[in-house]
Amino acid sequence: MDIEQKQEEIIDHFVKQASSLEGSALGSLVVEATSHPSLFAFSEILAVPNVLQLEGTETSVNLDVLRLFSQGTWSDYKSDASRLPQLVPDQVLKLKQLTVLTLAETNKVLPYDQLMQELDVINVRELEDFLINECMYAGIVRGKLDQLRKCFEVQFAAGRDPRPGQLGSMIHTLSNWLDTSNNLLISIQEKMKWADTMTELAKEHKKEVEDRVEEVKKSSSHKFHTVTRPTLTSGGTRRFTPNLVE
């Protein structure tokens, strides 16, 4: 089962749970969802009416935590830690994994120095262990650890929930891709049409040549015929020699 399909089932489970809970009862669900090792998207849970109703209430901090895990990073949490509840270890791990995904969105070559700063990692060994064991083995990223250049080359990264304003940019990018694809398709179709035309012309030319050869053969066979004429040899005998005459 791939990561996307697995996430769909987990999201559906938490959405159903959130729809049956209210107020402070949603707090434990938020902790469970943001600690789940296979869940990396939270927009569907955030869209549940019962969750949105937390806005402006005494338990609105649970809504803020969900928003943090939906679109934020470890640095965002540190800058707002005084207002947010303390995260459990599984939540810390999840938020750092999500931070890597955010960094991979804009840069496919991530310097070790940047990653260590963003993740609060003190040395390269700890960073590489995290990238291998908690990111690549989890299936959320694929890439190459370049110890010589001290960077992580990203080949694939799972997508996060779109941030406000990001959807318009995504639509614009997809529209440009669609236009480019359509233009490429038209170009391919034109080249195929040209190739078909050239093939037909080649066939016609070949037939013309073959027809011309046949005409020449027929003309030659009608124009010349063989006549046998006697000739005297040195011994006085006659020898018949064939000759082509018109």
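Glutamate 153 is partly exposed, with a relative accessible area of 21%. In this predicted model, glutamate 153 forms a salt bridge with arginine 149, and the closest N and O atoms of the pair are 2.7 Å apart. Arginine 149 is exposed, at a relative accessible area of 51%.

**Salt bridges**

Side chains of opposite charge can pair when their charged atoms come close. The count of salt bridges in this model comes to 10. Three of them are listed here.

| Glutamate 153 | Arginine 149 | 2.7 Å |

Aspartate 12 and lysine 16 both belong to helix α1 (residues 3-19), where they are four residues apart, about one turn of the helix. Aspartate 12 is partly exposed, with a relative accessible area of 39%, while lysine 16 is exposed, with 56%.

Glutamate 215 and arginine 212 both lie in helix α10, three residues apart, which is about one turn of the helix. Glutamate 215 is partly exposed at 46% relative accessible area, and arginine 212 counts as exposed at 52%.

**A nonpolar patch**

Helix α10 spans residues 166-223 and includes isoleucine 188. Together with Leu184 and Met192, Ile188 forms a nonpolar patch on the surface, and the three have about 300 Å² of accessible area together. Isoleucine 188 itself is partly exposed, with a relative accessible area of 40%.

**Helices in the chain**

The protein chain has 10 helices and five strands. Helix α2 (residues 26-35) is mostly covered, with seven of its 10 residues buried. These buried residues are Leu26, Gly27, Leu29, Val30, Ala33, Thr34 and Ser35.

Helix α7 (residues 89-106) and helix α9 (residues 124-136) have axes that come within 11 Å and cross at roughly 100 degrees. Because of this angle, α7 is roughly perpendicular to α9. On the α7 side, the contact is made by Leu93, Lys96, Gln97 and Val100, and on the α9 side by Phe130, Leu131, Glu134 and Cys135.

**The chain as a whole**

Of the 246 residues in the protein chain, 30% are buried. The accessible surface of the chain comes to about 16200 Å², and carbon and sulfur atoms account for 55% of that surface. Among contacts in the chain with a separation of 6 or more, 50% are between residues 24 or more positions apart.

Notes: Residues numbered from 1 in each chain as written. Predicted model: local features only at pLDDT ≥ 70, side-chain atom pairs only at ≥ 80, totals over all residues. Heavy atoms only, no water. Patch = residues over 30% accessible without salt bridge, like charges linked within 9 Å, V, L, I, M, F, W, Y side chains within 5 Å. Areas by Shrake-Rupley, 256 points an atom, 1.4 Å probe, with all protein chains shown as cover. Salt bridge = Lys/Arg side-chain N within 4 Å of Asp/Glu carboxyl O. Helix = DSSP H or I, 4+ residues; strand = E, 2+ residues; numbered from the N terminus. Buried < 20%, exposed > 50% of the residue type's maximum accessible area, 1.4 Å probe, protein only. Axes fitted to C-alpha atoms, helices over the stretch in contact; angles between N-to-C directions. Parallel < 35°, antiparallel > 145°, perpendicular 65-115°, else oblique. Contact = heavy atoms within 4.5 Å.
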